[in-house]
Amino acid sequence: MKHETVCGLDIGTTKTCAVVAVDGPNGLEIVGVGEAPSLGMRKGVVVDLEQTIKSIEAATERAERMAGVHVSDVYVGITGDHIRSTNNRAVVATTSEDREVSAADVRRVIDASKIINLPADRQIIHALPRYFTVDGQEGVEDPVGMAGGRLEVDTHIITGGTTFITNVLKCVHRAGLEAAGLVFEPLASSHATLYSEEKQVGVVLLDIGGGTTDIAVYSLGSAIYTATIPVGGNILTNDISLGLKTSLAEAEEVKKQFGAGVAEDGEQSFTVRGLDGRTTKEVTTQQLRAIVVPRVLETLRMAKAKIIENVPRDLVLGEVVITGGGASLPGLTPIAEEVFGLPTRVGVPSAIGGLTDAVMQPQYATAIGLVLFGAAGETEAGEGGRRGGPSGAALFARIKHWFADLWN
Ligand SMILES: Nc1ncnc2c1ncn2[C@@H]1O[C@H](COP(=O)(O)OP(=O)(O)OP(=O)(O)O)[C@@H](O)[C@H]1O
Ligand SMILES: [Mg+2]
């Protein structure tokens, strides 16, 4: 029996990561992971074609070697400041004689919802159905087979700048690969880290990468708002390097070790090398926090402001899930709980077999989510098929006290 291979390619600002999975008898299983530094990307977009091609080649070759398979088609992540999202609605009359909604009607109404005022230099990446309305009955998840003459859909539409998308595709092609689909990165990360109950109740996903912070807000099972902010974890490293007058490499180490956290036994001090590489000085975790916390607050508040501005005032949100490499910052979770007034957890990839400890890390959420997206055949048409799951009573109990705090 031939098992299908699916590959996700996350061309991030700091690293390019390829994940190969096989859809076998026990479901989807990761068989190869390859990573290479990204030297040609800035804030989620390509700034150097040659370097980006090299990173893609290196990452996919490593993943292929580990998996022992050849990869030709990849699901590619897209992000950057050029991404915009909007919600739209469309109506069609059903066409069958017995006034029953067919799969073709569903496709037609989703296509109709893609008719938006789109500048010539932009293109649609996703039209994700949020819910259908059949003859006035709202909130239908799967209308196929239902009786009705009038089919409406509410979709979440995500668009991107054609130039930025074309540059990513150019790199993929020149690395000898075919793009099987394009996926806005936080949707991929959501797939790898969020439970369907969370999406049902209402959840904010933040993917804090090196150069971008991507946002996806889910309610009633589907994406209602998505956006990206051109600030990620790298700016923190910069701040630390400037503030402590040390190299970027040393600042990165300090960030990963202490971040915004306080050691369990209270304040601590550590030594950093000066920019000359020879002199050293003592720094306290308190001094470090004075550099890190304001920047973290600023980034999280920017995300919150965007969400508040763009989601309905009465939307119920139960939780914040943070993923991406930046989610590993020591001390981040309590700061996010404070800013959002919602319980916050770090999202690590799950929902797939073959996960080793090495890949169960937040920075692999996008690449693994791309595999899940690809395996489910979800590209432009969206995630209609994967919605649902029962509402988790335990989850509800855990988070119900926090409802609506976002707005205070
Ligand atoms: N333990 C850690 N503590 C704090 N920050 C960390 C830790 N590990 C990684 N990071 C930071 O995470 C960032 C990289 O995250 P990630 O690999 O998700 O980014 P990316 O996908 O390459 O970039 P982007 O999504 O912005 O295009 C870097 O800024 C890195 O310093
Ligand atoms: Mg990323």
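These legends describe close-up views of one predicted model. Residues are numbered from 1 along each chain as its sequence is written, and side-chain values use heavy atoms, without hydrogens or water. Local features need pLDDT of at least 70, and side-chain atom pairs count only at pLDDT 80 or more.

**View 1. Five strands form an open sheet.** The order is E3-E2-E1-E6-E11, with mixed pairing. Strands are DSSP runs of E, at least two residues long, numbered from the N terminus. Two strands pair if DSSP finds at least two bridges between them. E3 (27-37) and E11 (178-184) stand at the edges with a single partner strand each, so one side of each lacks a neighbour in the sheet. From one strand to the next, the twist averages 25°. Angles run from 0 to 180 degrees between N-to-C directions, along lines fitted to C-alpha atoms (for helices, over the stretch in contact).

**View 2. Strands E1 and E2 run antiparallel.** E1 spans residues 4-11 and E2 spans residues 15-24. They are joined by 8 bridges. Ile11 has Thr16 in E2 as its bridge partner.

**View 3. Helix H10 packs on the sheet.** Helices are DSSP runs of H or I, at least four residues long. H10 covers residues 365-375 and touches E1, E2, E3, E6 and E11 (contact: heavy atoms within 4.5 Å). Its direction makes about 140° with that of E1.

**View 4. Phe258 and Phe270 form a stacked aromatic pair.** Their ring centres are 4.4 Å apart, with 15° between the planes. Rings of Phe, Tyr and Trp (its six-membered ring) pair if their centres lie within 6.5 Å, and planes under 30 degrees apart count as stacked. Phe258 sits in the loop between helix H7 (248-257) and strand E15 (269-273), and Phe270 in E15.

Terms used
Chains lettered and ligands numbered in written order. Phe/Tyr/Trp six-rings, centres within 6.5 Å; stacked < 30°, edge-to-face > 60°.
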